[in-house]
Amino acid sequence: MRLAGYAALGVVAVLATLEVLFRVLPVSTSSATGYYIDPVIMTYPAHWKFTTATGWNLHNAQRHVANNYGFVAGRDFAPDPSAVALIGDSFVEASMLPMRERLAAQLEARLGARPVYAMGGPGSALLDYAERIRFASSKLGVRNFVLLLEHGDVAQSLCGSGNVHGPCLDRTTLAPRVETQPPPGRLKRILRSLALPQYLFSQLKLDPNSMLAALRGGFGSKAAAAPAPAAVANRDASQSVTAVKAVVDTFFERIGPYAKDRLIIVLLGTSNAADAPADVVRDELRSAASRNGATLLEPTPEIESQGARTGLSMRVSPTDAHMNRIALGLIAGRVAPELDKPAQYTRREE
């Protein structure tokens, strides 16, 4: 009995020592996201401080401070009709880069006196961006918008994608719904406040749910069979055109009252190659942009060409596929001249 007590005490001592050690090291800390500024817009608490790092060895550590509206933006937001709202997901927040290398900073340097409001929300999709356009227009008087749009952001606007902060379309009916993320429970809040669990789950990417499922499987429970890949592909292919059109049409309908002057959509992941496969997302966005007076830029071929020509990587690192300062600089160089052109956005009915 005494031996078991000593063993337990030793385990506690080791865990306490590790906790102290990881508190000194730049372990990724809790970002405490929630719906602070709007019922369907997820941000950090205003002025929240947190740290991000990559991998077991904690490389590329960055320390962040959210602004007055809870975005990692490098500046506070104030009402300003001359401002440009830059909206997207983790490619806009770019927490893995120093502030000066992010798209917002590089774009602002090219625009002179016009501030750029970076409104990035990791893990979000196209219909979430419509809500940020609404917020920037109604609360801050913003009239010009730049969307950094990943190719998958359209499909991820379907409910259940795991990349929705609020509004989405039902996968079956394509009817509009709201799917907000639940607040963390008490246990999750406790674990987030400790450095050792953060290291295990954020740096080593351990998944408690998968571990529990594996344990249950080991005791004889049987998980539900997943659909065969071919069946999933055929089902998705039959719905993709209709779903993509529904998401894009819903997006333009919702931003109609708010995109006042210019809307520039930077679509990543498309190809200009003659033998490139059909691209429903690209074609639908091209059509919708043309109908509504928006500008659609497709910089991926230029970014890939720059990498091939110079031999330089366009990624943050071999383990991080986000764009680095070189790729973001190319995008800023494409976007800035477009913002200097006269206002042209006007929603047109089909």
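How many nonpolar, polar and charged residues are in the lining of the largest pocket? In this predicted model, the lining has 17 nonpolar, 25 polar and six charged residues. In total, 48 residues line this pocket. The space inside amounts to about 1,700 Å³. Rolling a probe the size of a water molecule over the atoms shows where such empty space is left.

Several elements contribute to the pocket. At least two lining residues come from each of β1 (34–38), β2 (41–43), β3, α2 (90–93), α5, α6, α7 (208–218) and β13 (320–323). Strand β3 gives the most, with five residues. Nearest the centre of the pocket lie S31, T33, R192, S202 and K205.

Helix α6 spans residues 195–203. Its buried residues are A195, L196, P197, Q198, Y199 and Q203. These buried residues pack against three elements: α1 (2–24), β3 (49–54) and α5 (186–193). Helix α6 also supplies at least two residues of the pocket lining. Just after α6 comes K205, with a positive phi of about 60°. K205 is also among the residues nearest the pocket centre.

Most residues other than glycine have a negative phi. A32 sits in the loop between α1 and β1. Its relative accessible area is 17%, so A32 is buried. A94 is not a glycine either, yet its phi is positive, at about 50°. The loop between α2 and α3 (103–111) holds A94. With a relative accessible area of 1%, A94 is therefore buried.

Strand β3 also contains K49. Is K49 buried or exposed? K49 counts as exposed because its relative accessibility is 64%, and the cut-off for exposed is over 50%. Beyond its neighbours within four places in sequence, K49 is in contact with H64 and V65. K49 and V72 are 23 residues apart in sequence. In space, their C-alpha atoms are 9.7 Å apart.

Aromatic rings were examined next. A pair of aromatic rings is described by the distance of the centres and the angle of the planes. The search of the whole structure finds seven aromatic pairs. One of these is formed by Y69 and F77, and it is stacked. The ring centres are 6.2 Å apart, with 20° between the planes. F77 has a relative accessibility of 4%, so it counts as buried. The cut-off for buried is under 20%. Ring pairs also link Y69 and F77 with F71, Y117 and F135 into a cluster.

The whole structure was also searched for disulfides, and one was found. C159 and C168 form this disulfide. Their sulfur atoms are 2.1 Å apart. Which hand does the disulfide have? The torsion about the S-S bond is about 90°, so the disulfide is right-handed. Both C159 and C168 are buried.

Note on methods: Residues are numbered from 1 along each chain as its sequence is written. This is a predicted model: local features need pLDDT of at least 70, side-chain atom pairs count only at pLDDT 80 or more; totals for chains, interfaces and linings use all residues. Side-chain values use heavy atoms; hydrogens and water are left out. A disulfide is a pair of cysteine sulfur atoms within 2.5 Å. Buried means under 20% relative accessible area, exposed over 50%, partly exposed in between (1.4 Å probe, protein chains only). Helices (H or I, at least four residues) and strands (E, at least two) are DSSP runs, numbered from the N terminus. Contact means heavy atoms within 4.5 Å. On a 1 Å grid over the protein atoms alone, a cavity is a set of points where a 1.4 Å probe fits but cannot get out, and a pocket is an open set with protein on both sides within 12 Å along at least five of seven lines; lining residues have an atom within 4 Å of a point. Grid points are joined across faces, edges and corners, and a volume is the space filled by probe spheres set on the points. Ala, Val, Leu, Ile, Met, Phe, Trp, Tyr, Cys and Pro count as nonpolar, Asp, Glu, Lys and Arg as charged, and the others, Gly among them, as polar. Rings of Phe, Tyr and Trp (its six-membered ring) pair if their centres lie within 6.5 Å; planes under 30 degrees apart count as stacked, over 60 as edge-to-face and the rest as tilted.
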